[in-house]
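Subject: Structure handover

Hi,

Here is the structure for you to look over. My notes on it follow below.

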Amino acid sequence: MSATWRKWVWVGVLGLVGCRTTGSAGRDASGEPRQEVRFDAERITGNAELAALNDEELFAAGTSAFAAKDFVQATLYFERLADFHPQSPHRREAIYQAGLAHERLEQWEAAAQRFSELADAKQGTGDALESVFRLAETHYHLERYPEAAQLLATVAAREDLPVGKRLEAQVQQGVCELEAGQPEKAEATLRRAVTTYEELADKDEVQDYYPAQAHFFIGEIYRLRYADVALDPGKGADALANDLNDKAELLLSAQGHYLRAIRVGNGHWATAAGTQIGSLYEDLYEKLVNSPAPKELDAEQAEIYREELRQRVRVLLTKAIDVYEQTLEAAERIGSHNTFVDKTRQSLEKMKALLLQDSENAAPAGTPPHS
């Protein structure tokens with residue numbers, strides 16, 4: 001039974017609840033009063049234009065609408081074909097294209113329903129396999145991360161698939177595990193993907209997008225750990241120094257994985273990684289600038305502390321500027337245009353302004369700031 005047919009059956013059943021009885025209209029064979037049942041008048045209409053088209057015409061019209069980016073109309077044609085022409089040779093492709101059209105409209109529930117009709121994570125190939133990836137993405141957007149990770153883990157474990165497909169599934173699985181609040185599990189999954197890639201004799205077997213993404217998200221895991229380390233002067237100078245060292249170590253670990261993402265050579269993730277490296281230095285700069293001196297320091301010690309801090313801050317500003325400039329140069333060279341590039345450009349201008357301000361504040365009285 002088609003989804004549309006089920007809908008109308010259900011409406012018909014519910015319609016009985018709304019019926020109303022009138023006064024006596026005679027008696028039945030037992031002599032009991034007979035009630036006349038009447039329904040409020042309703043008009044049921046359909047799309048006469050769609051109903052007049054056969055499956056070939058619906059498929060052609062849906063394909064044309066999709067190509068024209070009229071995704072609303074595309075869903076109407078493809079879903080009419082899928083629901084009313086079960087024997088059509090175009091039915092499976094129509095279901096898949098309907099799911100894609102719903103995706104473009106960010107109608108994630110509707111897209112998930114269509115892709116789930118085709119998805120087969122254990123044995124599927126062709127559109128059945130691609131529907132698994134698409135279904136996992138809809139789960140991701142609906143924040144159903146465990147469901148997405150489970151689908152992808154099933155695909156990643158299939159030895160019958162090319163290594164590129166298994167690697168793609170494994171990387172996306174790791175991303176979903178991270179979003180599900182399982183960073184340790186995500187790191188293990190992503191490191192397995194990286195190991196698989198590094199051991200390939202012919203790295204052209206896989207798209208560089210996915211190993212670069214794996215390195216990037218391992219970097220993200222360390223960035224999140226870096227963010228969890230708070231610099232609290234109230235804990236005392238020794239504790240603050242230890243926390244600062246821990247934070248710096250985590251920054252360097254995150255930076256190392258971001259740099260590996262850059263070295264893979266994928267433009268998108270290289271730009272993203274460069275942006276994140278710069279933002280780490282920028283963040284540490286802000287944490288240091290806004291951190292007061294430990295309370296146990298006397299006035300002279302506090303002044304020495306602030307001077308050492310200023311020197312470290314200047315190094316961080318310089319590093320952030322260098323990374324941002326290199327990222328923008330690389331983005332321009334490969335023609336990359338995305339939100340990471342825009343963010344990098346804004347951050348670069350901010351860091352340059354802060355460095356100029358620091359230089360002016362450090363200049364001796366009466367000395368021109370740019371001498």
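E168 counts as buried, at 12% relative accessibility (buried means under 20% relative accessible area, exposed over 50%, partly exposed in between; 1.4 Å probe, protein chains only). This is a predicted model: local features need pLDDT of at least 70, side-chain atom pairs count only at pLDDT 80 or more, and totals for chains, interfaces and linings use all residues. Residues are numbered from 1 along each chain as its sequence is written, and side-chain values use heavy atoms, with hydrogens and water left out.

E168 forms a salt bridge with K165, the closest N and O atoms being 3.3 Å apart (a side-chain nitrogen of Lys or Arg within 4 Å of a carboxyl oxygen of Asp or Glu). K165 is partly exposed, at 21%. Both residues lie in helix α9 (residues 163-179), three residues apart. Helices are DSSP runs of H or I, at least four residues, numbered from the N terminus.

By this rule the salt bridges come to 16. Two others:

- E187 pairs with R191, with closest N and O atoms 2.9 Å apart. E187 is buried at 11%; R191 is partly exposed at 35%.
- D243 pairs with K235 at 2.8 Å between the closest N and O atoms. D243 is buried at 12%; K235 is partly exposed at 49%.

A salt-bridge network links E79, D83, R114 and E117.

P183 is in helix α10 (residues 183-198). P183 is partly exposed, with a relative accessible area of 24%.

Best wishes

Key. Helices (H or I, at least four residues) and strands (E, at least two) are DSSP runs, numbered from the N terminus.
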